[in-house]
Amino acid sequence: MGCCGSKSGGSGADRTARWRLTGIVALRDAKLKALPSEVLEVDTFVRTLDLTNNRIVEIHPEISKLINMQRLVLARNLIERLPTTMGNLRSLKLTICFCSLVCYLSRLERLSITGNSLTCLPKAIGDMHNLLLLNVSNNKLKSIPESIGGCISLEEFQANDNSIEVLPPSICNLVHLKSLLLNSNNIQQLPQNLLRDCKALQNISLHDNPISMEQFQQMEGFQEFEARRKKKFDKQIDSNVMLSSTGLDEGVDLR
């Protein structure tokens with residue numbers, strides 16, 4: 001497996017010793033084309049692996065040796081897919097991937113795959129039962145799979161700047177969902193039971209969509225949603241929390 005030295009300098013022995021001591025493998029901007037073999041030699045000591053801004057095309061299946069890894073950053077590489085052995089990384093809680101891939105990881109809590117050319121999400125997305133945040137903004141999605149309803153722990157879903165026309169009814173199963181951001185899509189209507197069934201929902205943003213404020217206000221559960229939204233922002237004001245300019249925004253363009 002090929003490798004290149006990082007900009008951090010030092011001998012290979014010094015570098016692996018540092019990795020073992022800190023648990024942090026930082027290889028940003030190292031002009032790598034593959035995962036260095038010495039990373040695998042550190043195996044169980046690795047907690048964080050940062051490979052940002054390299055030229056990596058493929059991750060070696062033996063990455064599964066890093067069984068205690070909790071954070072993986074693969075931003076700005078050339079990766080098209082991940083090995084199925086990554087499913088063995090049971091400790092992984094956070095992955096930041098700006099490449100066109102989605103991988104099933106049983107304990108994953110945050111997944112960001114923004115700024116790619118994704119046209120669809122895999123059905124397996126619904127197997128991520130521990131996922132708290134999903135950000136698929138700035139892609140080319142036209143729909144969200146029905147399996148999204150399986151993300152039972154999801155609290156925040158961001159899908160701004162896509163071409164989404166409709167949300168699947170199963171999104172109403174996301175009873176822990178607090179924030180739903182869908183700006184700049186092609187949504188004309190929402191699942192009728194969304195506001196009624198998603199009882200934790202406090203923030204929804206639908207700017208630059210063909211849905212009207214009247215449609216939104218006529219949805220079942222709107223009054224309860226509005227009460228939750230106002231309660232949230234009243235609490236922030238009482239706590240002297242700085243609100244953005246859209247802090248009290250209704251979430252839908254007036255038409």
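**View 1. Confidence along the protein chain.** The mean pLDDT (the predictor's confidence in each residue, from 0 to 100) of the protein chain is 82. A value of 70 or more is reached by 79% of its residues. This is a predicted model, in which local features need pLDDT of at least 70, side-chain atom pairs count only at pLDDT 80 or more, and totals for chains, interfaces and linings use all residues. Residues are numbered from 1 along each chain as its sequence is written, and side-chain values use heavy atoms, leaving out hydrogens and water.

**View 2. Strands 4 and 7.** Strands (E, at least two residues) and helices (H or I, at least four) are DSSP runs, numbered from the N terminus. Confidence is lowest in strand 4 (residues 94-96), with a mean of 63. Strand 7 (residues 156-158) has the highest, at 97.

View 3. Over residues 1-9, pLDDT stays under 50. The model has 26 contacts (heavy atoms within 4.5 Å) for them beyond four places in sequence. Residues 241-248 also stay under 50, with seven such contacts.

**View 4. Phe216 and Phe225.** Rings of Phe, Tyr and Trp (its six-membered ring) pair if their centres lie within 6.5 Å; planes under 30 degrees apart are stacked, over 60 edge-to-face, the rest tilted. This rule gives three aromatic pairs. The ring centres of Phe216 and Phe225 are 5.8 Å apart and their planes at 75°, so this pair is edge-to-face.

**View 5. Phe222 and Phe225.** Here the ring centres are 6.4 Å apart and the planes at 45°, so the pair is tilted. Phe222 and Phe225 are three residues apart in helix 5 (residues 222-238), so about one helical turn separates them.

**View 6. The phenylalanine cluster.** Ring pairs link Phe216, Phe222 and Phe225. Phe216 is buried at 1% relative accessibility (buried is under 20% relative accessible area, exposed over 50%, partly exposed in between; 1.4 Å probe, protein chains only). Phe225 is buried at 0%, and Phe222 is buried too.
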